[in-house]
Amino acid sequence: MARYTGPQCRLCRREGIKLYLKGDRCYTSKCAIDRRPYAPGVHGQARRKISEYGLQLREKQKARRIYGVLETQFRNYFERAERQPGITGENLLRLLERRLDNVVYRLGLATSRMEARQLVRHGHFTVNGRKVNIPSYLVRVGDVIAVREKSKDSPRIKELMERAADRTPPPWLEYDENQAQGRVVALPTRDQIDTPVQEHLIVELYSR
C-alpha cells in the first residue's frame, strides 16, 4: 500500500489545526503551525471564502491525514461503513480506530500514528500471539496486541514501553504494562473517539 512521504507539518498547516503527525515535536516550539499558522504556498495567507463543498472536502482530508490513509483506501472504508447498521459517520471513525497502527498509537506504544505504522511494518507486534505486520489490520473485541518478545530488547521499544506505562488508554482498550500488551475490551463509541472531525460532513461529501 502506498503512503504519503512528503512534509508532515505541511499537512497540519493546510488543515489549520494540529494533527499531531510528528509525535513529540508537535508539543514543542518547533511545531510549524505555531510558527506559521496559515496554509502553505504563495497564497497561503490570503483570505478565502470557503464553500459548503470546501468545508466537506477539508473534513475528509483532515480525517485521511490524521489516520494516514490514502484516498482509495479511505473510500473503501466509507463504503464498508455505509453497509453496516447504525450511523455511517460513526461507523467510519470506528473502522479507522480499529486499524492496528492506530491501536498501537492509542496504547501509547508509539508517539505518532506514523511511527506506529513503521513499527507494525517491521513486525514488532503480535495479535493473539501471531505476528502481524499489516498496519490496516482491523482488530476485534477480545484481540490481544502485544510487543514481540524479540523486540523488547530494542532501546526504542523499551523507551516506548516505559512511556506507555504512564499513559491511560481510551476506555475501549486496556493495557498491561507488566506484559507490554493491550486488549480490545469493546468497540469504541463516538464519545470515546477524540478525533477532531465532523464526520457528518464527510458523509454529505460522499453522498453528492
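## Overall layout

The protein chain holds nine helices and five strands, where helices (H or I, at least four residues) and strands (E, at least two) are DSSP runs numbered from the N terminus. Along the sequence, the elements come in the order α-α-α-α-α-α-α-β-β-β-α-β-β-α. Before going further, please note that this is a predicted model, in which local features need pLDDT of at least 70 and side-chain atom pairs count only at pLDDT 80 or more, while totals for chains, interfaces and linings use all residues. Residues are numbered from 1 along each chain as its sequence is written, and side-chain values use heavy atoms, with hydrogens and water left out.

Of the 208 residues, 48% count as buried; buried means under 20% relative accessible area, exposed over 50%, and partly exposed in between (1.4 Å probe, protein chains only). The chain exposes about 11,600 Å², and carbon and sulfur atoms supply 47% of that area. These areas come from the Shrake-Rupley method with a 1.4 Å probe; for residues, only the protein chains shown count as cover. Among contacts (heavy atoms within 4.5 Å) between residues at least 6 apart in sequence, 56% join residues at least 24 apart.

Rings of Phe, Tyr and Trp (its six-membered ring) pair if their centres lie within 6.5 Å; planes under 30 degrees apart count as stacked, over 60 as edge-to-face and the rest as tilted. Phe-74 and Tyr-206 make a tilted pair, with 6.3 Å between centres and 35 degrees between planes. Phe-74 belongs to helix α4 (residues 71-83) and Tyr-206 to helix α9 (residues 199-206), 132 residues apart. Both Phe-74 and Tyr-206 are buried.

Phe-78 and Tyr-206 are also tilted, at 4.6 Å centre to centre and 40 degrees between the planes. Because Phe-78 lies in α4 and Tyr-206 in α9, this pair ties together parts that are 128 residues apart in sequence. Phe-78 is buried, with a relative accessible area of 1%, and Tyr-206 counts as buried at 13%. Phe-74, Phe-78 and Tyr-206 form one aromatic cluster.

## Enclosed helix α5

How many of the 10 residues of helix α5 are buried? Nine of them are, so α5 (residues 88-97) is largely enclosed by the rest of the structure. Among these buried residues are Asn-91, Arg-94 and Glu-97. Their cover includes α3 (52-67), α4, α6 (100-106), α7 (113-121) and α9.

## Two nonpolar cores

A nonpolar core is a set of buried Ala, Val, Leu, Ile, Met, Phe, Trp, Tyr and Cys residues joined through side-chain atoms within 4.5 Å. The largest one has 25 residues, and those with the most contacts inside it are Leu-100, Val-104, Leu-109, Phe-125 and Ile-145. At least two residues come from each of α6, α7, β1 (125-127), β3 (144-147), α8 (155-165) and β4 (173-176). A second, separate core of 17 residues includes Ala-63, Phe-78, Leu-92 and Ile-193.

Phe-125 is placed in strand β1 and counts as buried at 1% relative accessibility. Leaving aside residues up to four places away in sequence, Phe-125 touches residues including Val-104, Leu-119, Arg-130 and Ile-145.
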